[in-house]
Amino acid sequence: MFIFYARNYVQTDWLMQGELIFLLFSFLMRRSRHIPLWHQKASKRADGLVLWDYHVICIQRKIEGEFPFLVWDLDSALPLPLPLGSYVSQAIRPSFQISPEYQRLFRIIHAPILFRHFASDRRHMKDSNGNWMAKPPDYEAIVAEDGTMHNLYEYIEIKTDDVYSNKTIDVKDAVFSRKLGAVANDLEEFFTQIL
(Lines give C-alpha, C1' and ligand atoms only; values in the text may rest on other atoms or scores of the structure.)
Protein backbone atom coordinates (compact mmCIF):
# COMPACT_ATOMS: atom_id res chain seq x y z
CA MET A 1 0.00 0.00 0.00
CA PHE A 2 1.33 3.43 -0.95
CA ILE A 3 0.05 6.65 0.56
CA PHE A 4 1.04 10.20 -0.36
CA TYR A 5 0.11 12.81 2.21
CA ALA A 6 0.11 16.58 2.08
CA ARG A 7 -1.70 18.31 4.91
CA ASN A 8 -4.78 20.24 3.73
CA TYR A 9 -4.86 18.29 0.44
CA VAL A 10 -5.99 14.91 1.69
CA GLN A 11 -8.49 14.29 -1.13
CA THR A 12 -5.57 14.14 -3.56
CA ASP A 13 -3.33 11.94 -1.44
CA TRP A 14 -4.64 8.44 -1.87
CA LEU A 15 -2.83 6.03 -4.14
CA MET A 16 -3.54 2.64 -2.69
CA GLN A 17 -3.90 -0.97 -3.73
CA GLY A 18 -6.55 -3.53 -2.81
CA GLU A 19 -10.30 -3.57 -2.28
CA LEU A 20 -11.03 0.01 -1.27
CA ILE A 21 -14.08 2.12 -0.73
CA PHE A 22 -13.62 5.87 -0.58
CA LEU A 23 -15.65 8.14 1.59
CA LEU A 24 -16.18 11.88 1.42
CA PHE A 25 -18.33 13.44 4.04
CA SER A 26 -19.61 16.88 4.70
CA PHE A 27 -22.47 18.82 6.18
CA LEU A 28 -23.88 21.60 4.06
CA MET A 29 -27.19 22.82 5.37
CA ARG A 30 -28.50 26.21 6.37
CA ARG A 31 -25.87 28.40 8.08
CA SER A 32 -23.13 25.91 8.92
CA ARG A 33 -20.54 24.42 6.64
CA HIS A 34 -18.61 22.62 9.35
CA ILE A 35 -18.52 19.08 10.67
CA PRO A 36 -16.92 18.17 14.00
CA LEU A 37 -14.31 15.40 14.18
CA TRP A 38 -12.26 14.43 17.21
CA HIS A 39 -8.66 13.18 17.49
CA GLN A 40 -7.45 15.31 14.58
CA LYS A 41 -3.78 16.32 14.30
CA ALA A 42 -4.70 19.87 13.26
CA SER A 43 -6.43 20.53 16.58
CA LYS A 44 -4.94 22.61 19.37
CA ARG A 45 -7.39 21.10 21.90
CA ALA A 46 -6.74 18.14 24.20
CA ASP A 47 -9.66 16.20 22.69
CA GLY A 48 -8.43 16.84 19.13
CA LEU A 49 -11.66 18.50 18.01
CA VAL A 50 -11.61 20.17 14.58
CA LEU A 51 -14.46 21.64 12.54
CA TRP A 52 -13.75 20.68 8.93
CA ASP A 53 -15.66 22.02 5.93
CA TYR A 54 -15.26 18.50 4.50
CA HIS A 55 -13.00 15.56 5.20
CA VAL A 56 -11.82 12.49 3.33
CA ILE A 57 -11.06 9.07 4.73
CA CYS A 58 -10.45 5.73 3.11
CA ILE A 59 -12.30 2.63 4.23
CA GLN A 60 -10.54 -0.57 3.34
CA ARG A 61 -12.60 -3.72 3.03
CA LYS A 62 -10.84 -6.76 4.45
CA ILE A 63 -11.77 -10.16 3.06
CA GLU A 64 -10.54 -11.97 6.18
CA GLY A 65 -10.18 -11.05 9.84
CA GLU A 66 -12.27 -9.94 12.76
CA PHE A 67 -12.93 -6.44 11.39
CA PRO A 68 -14.27 -6.35 7.80
CA PHE A 69 -13.73 -2.58 7.41
CA LEU A 70 -10.68 -0.55 8.42
CA VAL A 71 -10.48 3.25 8.38
CA TRP A 72 -7.48 5.23 7.17
CA ASP A 73 -7.71 8.87 8.26
CA LEU A 74 -4.40 10.54 7.50
CA ASP A 75 -5.33 13.62 9.56
CA SER A 76 -6.24 11.61 12.65
CA ALA A 77 -4.08 11.15 15.73
CA LEU A 78 -5.69 7.70 16.17
CA PRO A 79 -3.76 4.57 15.09
CA LEU A 80 -3.78 3.56 11.41
CA PRO A 81 -5.70 1.64 10.30
CA LEU A 82 -8.54 1.53 12.83
CA PRO A 83 -11.63 -0.74 12.76
CA LEU A 84 -14.65 1.17 11.48
CA GLY A 85 -16.58 0.87 14.77
CA SER A 86 -13.64 2.22 16.79
CA TYR A 87 -13.13 5.11 14.38
CA VAL A 88 -16.82 6.03 14.46
CA SER A 89 -17.02 5.96 18.26
CA GLN A 90 -13.79 7.93 18.80
CA ALA A 91 -13.60 10.37 15.87
CA ILE A 92 -17.21 10.86 14.78
CA ARG A 93 -18.82 10.32 18.19
CA PRO A 94 -22.42 9.76 17.08
CA SER A 95 -23.56 9.60 20.73
CA PHE A 96 -22.27 13.14 21.33
CA GLN A 97 -25.19 15.54 21.22
CA ILE A 98 -24.49 18.11 18.52
CA SER A 99 -26.63 20.87 17.12
CA PRO A 100 -28.58 19.85 13.97
CA GLU A 101 -26.56 22.39 11.99
CA TYR A 102 -23.47 20.18 12.49
CA GLN A 103 -25.09 16.92 11.38
CA ARG A 104 -22.59 14.67 9.58
CA LEU A 105 -23.52 13.15 6.24
CA PHE A 106 -21.33 10.66 4.40
CA ARG A 107 -20.77 10.20 0.67
CA ILE A 108 -19.45 6.70 -0.04
CA ILE A 109 -17.83 5.94 -3.40
CA HIS A 110 -15.83 2.91 -4.54
CA ALA A 111 -12.23 3.95 -5.18
CA PRO A 112 -12.03 2.98 -8.90
CA ILE A 113 -15.16 5.06 -9.61
CA LEU A 114 -13.74 8.02 -7.69
CA PHE A 115 -10.38 7.76 -9.47
CA ARG A 116 -12.12 7.92 -12.87
CA HIS A 117 -14.43 10.86 -12.16
CA PHE A 118 -12.97 13.04 -9.39
CA ALA A 119 -10.99 16.18 -10.31
CA SER A 120 -9.42 18.94 -8.25
CA ASP A 121 -7.25 21.74 -9.54
CA ARG A 122 -6.94 22.91 -5.91
CA ARG A 123 -8.79 26.22 -6.46
CA HIS A 124 -10.60 25.72 -3.14
CA MET A 125 -7.23 26.24 -1.43
CA LYS A 126 -6.76 29.79 -2.77
CA ASP A 127 -7.95 32.96 -1.08
CA SER A 128 -9.93 35.71 -2.81
CA ASN A 129 -6.66 37.23 -4.11
CA GLY A 130 -5.55 33.94 -5.69
CA ASN A 131 -2.89 33.18 -3.06
CA TRP A 132 -2.43 29.69 -1.66
CA MET A 133 -3.85 29.25 1.86
CA ALA A 134 -1.57 26.22 2.28
CA LYS A 135 1.36 25.16 0.13
CA PRO A 136 0.11 22.66 -2.49
CA PRO A 137 1.75 19.25 -2.88
CA ASP A 138 4.51 18.87 -5.47
CA TYR A 139 2.59 16.33 -7.55
CA GLU A 140 0.15 17.32 -10.30
CA ALA A 141 -3.47 18.22 -9.62
CA ILE A 142 -6.05 15.51 -10.29
CA VAL A 143 -7.75 15.52 -13.69
CA ALA A 144 -10.76 13.26 -14.33
CA GLU A 145 -10.71 10.64 -17.06
CA ASP A 146 -12.97 12.84 -19.23
CA GLY A 147 -10.65 15.86 -18.85
CA THR A 148 -12.65 17.65 -16.13
CA MET A 149 -10.31 19.90 -14.15
CA HIS A 150 -12.37 20.56 -11.00
CA ASN A 151 -15.52 18.98 -9.62
CA LEU A 152 -14.79 18.81 -5.88
CA TYR A 153 -17.93 20.78 -5.06
CA GLU A 154 -20.15 18.11 -6.65
CA TYR A 155 -18.79 15.67 -4.06
CA ILE A 156 -19.02 17.85 -0.97
CA GLU A 157 -22.41 19.44 -1.68
CA ILE A 158 -24.55 17.02 0.30
CA LYS A 159 -28.12 17.62 1.42
CA THR A 160 -30.32 15.65 3.79
CA ASP A 161 -32.55 14.79 0.80
CA ASP A 162 -29.59 12.93 -0.76
CA VAL A 163 -29.48 10.33 2.05
CA TYR A 164 -30.29 6.87 0.74
CA SER A 165 -33.23 4.85 1.89
CA ASN A 166 -33.72 1.19 1.12
CA LYS A 167 -36.77 2.15 -0.92
CA THR A 168 -35.07 4.65 -3.22
CA ILE A 169 -31.81 3.11 -4.44
CA ASP A 170 -29.84 -0.11 -4.55
CA VAL A 171 -27.03 0.82 -2.16
CA LYS A 172 -24.43 -1.55 -3.61
CA ASP A 173 -25.19 -0.40 -7.12
CA ALA A 174 -24.87 3.26 -6.10
CA VAL A 175 -21.53 2.77 -4.28
CA PHE A 176 -19.95 0.59 -6.95
CA SER A 177 -21.21 2.26 -10.12
CA ARG A 178 -22.44 5.85 -9.64
CA LYS A 179 -20.06 8.79 -10.04
CA LEU A 180 -21.24 10.35 -6.76
CA GLY A 181 -21.83 7.05 -4.95
CA ALA A 182 -24.43 7.11 -2.19
CA VAL A 183 -25.06 9.32 0.85
CA ALA A 184 -25.75 8.05 4.38
CA ASN A 185 -26.22 9.58 7.79
CA ASP A 186 -25.09 6.50 9.76
CA LEU A 187 -21.75 5.13 8.63
CA GLU A 188 -21.78 1.78 10.43
CA GLU A 189 -25.36 0.96 9.44
CA PHE A 190 -24.56 1.87 5.85
CA PHE A 191 -21.65 -0.55 5.67
CA THR A 192 -23.77 -3.43 6.98
CA GLN A 193 -25.87 -2.90 3.81
CA ILE A 194 -22.93 -3.50 1.47
CA LEU A 195 -21.22 -6.46 3.13
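**Reading a strand, a core and a pocket**

Biologist: Where should I begin with this model?

Modeller: Keep in mind that it is a predicted model. Let's begin with strand β7, residues 69-72.

Biologist: Which way do the residues of β7 point, and are they buried or exposed?

Modeller: Phe69 and Val71 point one way, while Leu70 and Trp72 point the other way. All four of these residues are buried.

Biologist: Which strands pair with β7, and in what sense?

Modeller: Strand β6 (residues 55-61) pairs with β7 in the antiparallel sense over four bridges. Within that pairing, Val71 is the bridge partner of Ile59. Strand β8 (residues 82-83) is also antiparallel to β7, over two bridges, and there Pro83 stands opposite Leu70.

Biologist: How do I read a pocket?

Modeller: Rolling a probe the size of a water molecule over the atoms shows where empty space is left. Here, the second largest pocket has a volume of about 250 Å³. Its lining has 14 residues, of which Ile92, Pro94, Arg104, Phe106 and Asn185 are closest to the centre. Helices α1 and α5 (187-193) each give two or more residues to this lining.

Biologist: How many of the lining residues are nonpolar, polar or charged?

Modeller: Eight are nonpolar, three polar and three charged.

Conventions
Residues are numbered from 1 along each chain as its sequence is written. This is a predicted model: local features need pLDDT of at least 70, side-chain atom pairs count only at pLDDT 80 or more; totals for chains, interfaces and linings use all residues. Side-chain values use heavy atoms; hydrogens and water are left out. Buried means under 20% relative accessible area, exposed over 50%, partly exposed in between (1.4 Å probe, protein chains only). Two strands pair if DSSP finds at least two bridges between them. On a 1 Å grid over the protein atoms alone, a cavity is a set of points where a 1.4 Å probe fits but cannot get out, and a pocket is an open set with protein on both sides within 12 Å along at least five of seven lines; lining residues have an atom within 4 Å of a point. Grid points are joined across faces, edges and corners, and a volume is the space filled by probe spheres set on the points. Ala, Val, Leu, Ile, Met, Phe, Trp, Tyr, Cys and Pro count as nonpolar, Asp, Glu, Lys and Arg as charged, and the others, Gly among them, as polar.
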